[in-house]
Amino acid sequence: MAAAPGYAAEMRRIDEEIAKTKGALCSTPADPERITRHIYRLYQKASLSGDPAGLTAVERAIDAAIALLANPGDLYLLKAHVAFKLHKLAEVDAALLAVPSVYDSDEGRLVRADLDFQHGRYQAAEHGYVEVLEREQSWGALARLAHLRGKMGDATGADRLYEEAEDQLTAKEMRAYAWLEVQRGFLNFARGQDGEAQLHYRRADTAYPGYWLVDEHVAELLGAGARYDEAVAMYQSIASNGQRPELEQAIGELCDLAGQSGPAAYWKERALTAYLQSAQRGEVHYYHHLVDYYTDVAENGAEAVKWAYKDLQLRENFATQAALAWALYCDRRLSDAVHWVDRALASGVVDAMLDFRASEIYSAAGNEVEGRNLRERALKLNPAVGRLHLHH
């Protein structure tokens, strides 16, 4: 595939389109096509830039547009996508149910399968993805199935599905190609195969230069390889384009590893302040980051448990079960930690970090044999499992 102009050029084009349709929501009489185009461009910008505040603004704009339009069906599907990205899963269901044709469309079925995955209904999710693919092959459905298969331990099959997804793309869809290459690279990284991961990240950057998602994964790779200064510089460059507290936390953790306690404290405090302010606004998309912060950065088990329960109430799956188990372990509530890590392990998910943390929990609870077995399984899946990891 030949290289495309890249992220910056696409963002400029989106901004130009937004400028052309500015005022669409205020025009009289309402112009449905112009309103819809304007909303889609706002969504595209917020989604592409990874901007939760922008997505919240899009959510408000969609509600205003729906009130103006006689047939806002497509906007309900977009509303579902926005709610999903903001972890408002009950609102995803409500948006899909608002229009039967949207609910029963292939895209609606894929979002419903995504919901199944988030709620720990893995077989139902797989059935949903396969059912859509039996009707029509699309790169988005193939990528979803690849993600699920990867989580269930079939990394080779997942990579093959990602490659099939790439074959569905046209020469113009370089961003999608870069995104898929990042997923393939992360599959390698999660198994400790850093060289292969780097090759996929390079392909992504060549196809679609300047994409922060690629840089974020490259920075993670640099940090995992103890190249802390380079990783920090890359994360700071990404974070300079908009507040991303999860990146600020990563910078703080890397500064700690590099022995830079002053900058580490500054960046970690920035991250925590942003997480808490988001939660105070009633937003839920940083709950899992708060759990991670209080377990691995601040080491405050009680706070970690509080946020872990909040996240679990939104969506119970292997990740939220495992996060609660680790929080309970950090709070020295070992029998409860064993209960929740057992539930995560029973999900069928194959994950090195899950096994590694389960081994710590079992060993602390006095079951050293099972702890040792889980540790060996984790190291077999990823020999570098104990190194720096980030929440994407």
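Reader: At what angle do helix α2 and helix α4 pack, and how far apart are their axes?

Author: This is a predicted model. In the model, α2 (residues 32–49) and α4 (residues 73–85) pack at about 20 degrees. Their axes are 11 Å apart.

Reader: Why is α2 called roughly parallel to α4?

Author: Angles under 35 degrees count as roughly parallel. The angle here is about 20 degrees. Therefore α2 is roughly parallel to α4.

Reader: What is the hand of the crossing of α2 and α4?

Author: The crossing of α2 and α4 is left-handed.

Reader: Which residues of α2 and α4 meet?

Author: From α2 come T36, I39, Y40, Y43 and S47. In α4 they meet D74, L75, L78, H81, V82 and K85. The residues of this contact of α2 with α4 divide into 6 nonpolar, 3 polar and 2 charged.

Reader: Now α3. At what angle do α3 and α4 pack?

Author: The angle between α3 and α4 is about 155 degrees, and their axes are 10 Å apart.

Reader: What makes α3 roughly antiparallel to α4?

Author: The cut-off for roughly antiparallel is over 145 degrees. The packing angle of α3 and α4 is about 155 degrees. So α3 is roughly antiparallel to α4. The crossing of α3 and α4 is left-handed.

Reader: Which residues make the contact of α3 with α4?

Author: α3 gives L55, V58, E59, I62, D63, A65 and I66. α4 gives L75, Y76, L78, K79, V82 and K85. In this contact of α3 with α4, 9 residues are nonpolar, none is polar and 4 are charged.

Reader: How do you know that α15 and α17 are roughly parallel?

Author: Helix α15 (residues 245–257) and helix α17 (residues 287–297) have axes that cross at roughly 10 degrees. Roughly parallel needs an angle under 35 degrees. α15 and α17 are therefore roughly parallel to each other. Their axes come within 11 Å, and the crossing is left-handed.

Reader: Which residues make the contact of α15 with α17?

Author: E246, Q249 and E253 of α15 meet H289, D292, Y293 and V297 of α17. The residues of this contact divide into 2 nonpolar, 2 polar and 3 charged.

Reader: What volume does the second largest pocket have, and which residues are closest to its centre?

Author: The second largest pocket has a volume of about 500 Å³. Of its 25 lining residues, G50, D51, G242, Q243 and R244 are the closest to the centre. The elements that give two or more residues to the lining are α3, α13, α14 and α16. The lining of this pocket divides into 9 nonpolar, 11 polar and 5 charged residues.

Conventions:
Residues numbered from 1 in each chain as written. Predicted model: local features only at pLDDT ≥ 70, side-chain atom pairs only at ≥ 80, totals over all residues. Heavy atoms only, no water. Axes fitted to C-alpha atoms, helices over the stretch in contact; angles between N-to-C directions. Helix = DSSP H or I, 4+ residues; strand = E, 2+ residues; numbered from the N terminus. Parallel < 35°, antiparallel > 145°, perpendicular 65-115°, else oblique. Left-handed = near helix turned anticlockwise from the far one by under 90°. Contact = heavy atoms within 4.5 Å. Nonpolar A, V, L, I, M, F, W, Y, C, P; charged D, E, K, R; others polar. 1 Å grid on protein atoms, 1.4 Å probe; cavity = no way out; pocket = protein on both sides within 12 Å on 5 of 7 lines; lining within 4 Å. Points joined across faces, edges and corners; volume = space filled by probe spheres on them.
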